[in-house]
Amino acid sequence: MTTHHLPQTGRLLGGRPRILRLLAAVPILLTLVLGIVLGGATASSALTATGAAYGHRDASNGRWLGSWAFDDGTVGFCINLDLPIPPGHAYEHVDGSSLGWFTPEDAARLAYLSRHWGASQDADEAAAGQLATWMITGLNGWTPAQIAARAGASADRVLALAHQMLAEADGPGGASRGASATMSIERGEDGFDLVRTELAVDFVSSGVTTLPPGTHTGTVTLDGATFEDGTSERIVGNGESLRILPSTDAAVVAFSANATFGELPYGAGLTIARSAANVQSVLVARPITVAAGASADRERPTPLPFQPVVVTTTSHATATPGTEITDRLSVGIATDTGLAAEWGLIGPEGGPYTPIPVTVRSQLLGPFAERPVEAPEVPLGAPVVCEVETLVDAGPGEYTTPSCVLPEDGYYVWVERIEPSDTLPENGGAMIRPWRSAFGVASEITLASTPTVPEARLAETGADDHSLLTAGSAAIGALALGGILLALRRRITPSGAGATLSARRGGVRAGRGRRPATVPQGSR
């Protein structure tokens, strides 16, 4: 069986006579301490260990198990079991990471103990915290149970608490090496951006682990955008998604977000009280918290919807049936409040960007017997000649519809509409506001009519078709009768008579502008 001897720390408090001698020497020690404080360090950087704080003292030998107090009001656990106790010595605070005494994991465990139990005023917890600290930094040959025995009747509970503390430090959500934050800005289903900050902790037990939403709160500040309440700064929980709105109505928006989470109870930061004397250093219950921050920026097409509008003019105010007519479209946008002031764009973050395609559906209605009167809606049952589509793929500008043929006489009118569903969501359909033209707009009306052919009139008689037909028939009959009588006369008349007829005919011809023919004497 191995016999364990108490270290010098224990022997200093080994018996009552020695305690009395130590008390008698207190004025001398105080004088020495004051000399050290005034000569070696300023009051702002030096402190003095004043004695025991919270814990248990061994009734049989006076050994202390618990935290130690300093004159600045802080307390802490001893680190070096093999060195003398702190009271009466001058100390200064040192950043534990600068000492290089511990592995990152042990530093994380010590920080966890200090953060959760270093300042405990419960005697059992303070004693257990001191024991757990020595179980990490070294027991100098003692067993945990032997050290816990200093707590007397509370020894078993102190030992159990110490093991519980270490198990908690090594368990899920326990000791950690640090914390970090990440920020995302993603488009939501409605097209607007959502900003979200996640916190992750590098736990000794599980490595880097994302914390559940709402574990801590921080501040998110926006530039170039606002939250829905119009503010640019807001207290948010980690893992909370917040909808943001661009501060401009331009087609392309640029904005950034910055998140800061401070005083997070994680990490391996330690405050060590260290003395120039060869005495124990103390893990001060002055927990060092960490801060985590993240930022993100974006340049992308605006999520604001836009309102396309169309001013239209028919290609023909008048035409004849069979004519092909078109509609001229002058496409632009309306700039109402809450809408983009420019035509919507699509494209990857940072560009290049292209205009969102919009389909204009045009209907030619008619024929109508009377000129249409302007109205907000198309009359129920209005006849449709044809429907055509025009793809507006270059943004605002001038476009022409496919043609439609006028089938007959009457009035015709164009009407147009834009439906967001005609554009696929991935092509920006959700950003398009619907639009519909009025019915009977004057610039959209075409009158189709067949030209009138004038009726033929005869000479200047004014006779109608029936009288002309009757007169014509009578003339033809008279001419035929005259021909028959002439033929009969030639058959029954002597030659002289025939000569006489011929002479008469010659006289008739002469009478039309010639002198009469003279018959020779011999022929009579």
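The following legends describe close-up views of a predicted model.

The model is predicted, so local features need pLDDT of at least 70 and side-chain atom pairs count only at pLDDT 80 or more, while totals for chains, interfaces and linings use all residues. Residues are numbered from 1 along each chain as its sequence is written, and side-chain values use heavy atoms, with hydrogens and water left out.

**View 1. Helix H5 (residues 123-137) and its ends.** Helices are DSSP runs of H or I with at least four residues, numbered from the N terminus. The end C-alpha atoms of H5 are 21 Å apart, which agrees with the 21 Å that its 15 residues should span at 1.5 Å a residue; the expected span is 1.5 Å times one less than the number of residues. Just after the helix, Gly138 takes a positive phi of about 130°.

**View 2. Packing of helix H4 (residues 104-117) against H5.** The two axes, lines fitted to C-alpha atoms over the stretch in contact, come within 10 Å and cross at roughly 175°. H4 is therefore roughly antiparallel to H5 (angle over 145 degrees). The contact (heavy atoms within 4.5 Å) involves Asp106, Arg109, Leu110, Leu113 and Trp117 of H4, and Glu125, Ala132, Thr133, Ile136 and Thr137 of H5.

View 3. Strands are DSSP runs of E with at least two residues. Phe203 counts as buried because its relative accessibility is 6% (buried means under 20% relative accessible area with a 1.4 Å probe, protein chains only). Phe203 and Ser176 lie 27 residues apart in sequence, yet their C-alpha atoms are 4.1 Å apart.

Notes: Axes fitted to C-alpha atoms, helices over the stretch in contact; angles between N-to-C directions. Parallel < 35°, antiparallel > 145°, perpendicular 65-115°, else oblique. Buried < 20%, exposed > 50% of the residue type's maximum accessible area, 1.4 Å probe, protein only.
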